[in-house]
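Reader: I would like to go through the terms used for this model. Please tie each label to its value.

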Amino acid sequence: METTKTQRHEDILEMFKKSGALLEGHFLLTSGNHSNQYFQCAKVLQYPEYAEKLCGIIADRFKDKKIDVVVAPAIGGIVVGQEVARQLGARSIFTERKDGAMRLRRGFEIKAGERVLVCEDVVTTGGSVFEVIEKVKQQGGEFAGIGYIVDRSGGNVRFPVVNTEDQIACYTTQAVKYSPVECPLCKEGSEPVKPGSRDG
Ligand code: ZN
């Protein structure tokens, strides 16, 4: 029996909560804004069983799309790309930032005309994914799809290199964010923390 979309949403939320991936508090985001919620996707992906289920949603969607290679931005996207590629029987490579620019290193390559699926863990503004797209274009890859675990833009981020139906998120949410001067949590006197930075 096919699980309904709402049921799937609930199951995913359960995985996030069980693994501590969904944090509640007062956070400083990379953008400089503050939020009362933070997704640390690595916390759910540390369990291969959860990674298999979540990435399976993306892999299922593209199983008939003849994907040659999955490309993901380091570091967050690597686990997602690897697991999706495993389920699709495709190659898995990643881009990484060096001297500020997104690069394909380690001898990784995309041959002209290869069908590419771009994967990521969390998309908020889509910055890293847009940079990966530029790399894939330079290599002459053909865009087959874009898939990620969490969309924090409420579905607003669009990657025009693929059709709407070939851009999928396992879980979509609208992140609550405040500019530092307007943050109600700061006004209550608490200090924002940078998530995941406790051990440097
Ligand atoms: Zn604040």
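Author: Start with a cut-off: buried means under 20% relative accessible area, and exposed means over 50%. The model is predicted.

Reader: Where is Asp-166, and what does Asp-166 touch?

Author: Asp-166 sits in the loop between E7 and E8. Leaving out residues up to four places away in sequence, Asp-166 touches Arg-61, Phe-62, Lys-65, Ala-144, Gly-145 and Ile-146.

Reader: What is phi of Asp-99?

Author: Phi of Asp-99 is near 50°. That is a positive value in a residue other than glycine.

Reader: What about Arg-106: which class of exposure, and what phi?

Author: Relative accessibility is 60% for Arg-106. The cut-off is over 50%, so Arg-106 counts as exposed. Phi of Arg-106 is near 60°, again positive in a residue other than glycine. Arg-106 belongs to the loop between E5 and strand E6 (115-123).

Reader: Why is Val-193 called partly exposed?

Author: Its relative accessible area is 44%. Buried is under 20%, exposed is over 50%, and partly exposed lies in between. Val-193 is therefore partly exposed.

Reader: Where is Val-193, and what is Val-193 in contact with?

Author: Val-193 is in the segment after helix H6 (184-187). Neighbours within four places in sequence aside, Val-193 contacts His-26, Phe-27 and Leu-28. Val-193 and Ser-35 are 158 residues apart in sequence. In space, their C-alpha atoms are 9.9 Å apart.

Reader: Now helix H1. How do you know that its buried residues line one face?

Author: The buried residues are Ile-12, Leu-13, Met-15, Phe-16 and Ser-19. Viewed down the axis of H1, the buried residues fall within an arc of 155°, so they line one face. Thr-6, Lys-17 and Lys-18 are exposed on the other side of H1.

Reader: What covers the buried residues of H1?

Author: The cover includes strand E1 (22-28), strand E2 (34-39), helix H2 (41-45), H3, strand E7 (142-151) and strand E8 (167-172).

Reader: How does the reach of H1 compare with the expected value?

Author: H1 (residues 5-19) has 15 residues. From first C-alpha to last, H1 reaches 21 Å, close to the 21 Å expected at 1.5 Å a residue. Gly-20 follows H1, with a positive phi near 75°.

Reader: How do helices H3 and H4 pack?

Author: H3 (residues 48-61) and H4 (residues 76-88) pack at an angle of about 65°. Their axes are 9 Å apart. The crossing is right-handed.

Reader: Which residues make the contact, and of what class?

Author: H3 gives Ala-51, Glu-52, Cys-55, Gly-56, Ile-58 and Ala-59. H4 gives Val-80, Glu-83, Val-84, Arg-86, Gln-87 and Leu-88. By class, that contact has seven nonpolar, two polar and three charged residues.

Reader: What kind of peptide bond joins Ala-74 and Ile-75?

Author: A cis peptide bond, with omega about 0°. Ile-75 lies in the loop between strand E3 (69-73) and H4.

Note on methods. Residues are numbered from 1 along each chain as its sequence is written. This is a predicted model: local features need pLDDT of at least 70, side-chain atom pairs count only at pLDDT 80 or more; totals for chains, interfaces and linings use all residues. Side-chain values use heavy atoms; hydrogens and water are left out. Axes are lines fitted to C-alpha atoms, for helices over the stretch in contact, and angles run from 0 to 180 degrees between N-to-C directions. Helices (H or I, at least four residues) and strands (E, at least two) are DSSP runs, numbered from the N terminus. A crossing is left-handed if the near helix is turned anticlockwise from the far one by less than a right angle, and right-handed if clockwise. Contact means heavy atoms within 4.5 Å. Ala, Val, Leu, Ile, Met, Phe, Trp, Tyr, Cys and Pro count as nonpolar, Asp, Glu, Lys and Arg as charged, and the others, Gly among them, as polar. The expected span of a helix is 1.5 Å times one less than its number of residues. Buried means under 20% relative accessible area, exposed over 50%, partly exposed in between (1.4 Å probe, protein chains only). The arc is that of the directions from the helix axis to the C-beta atoms.
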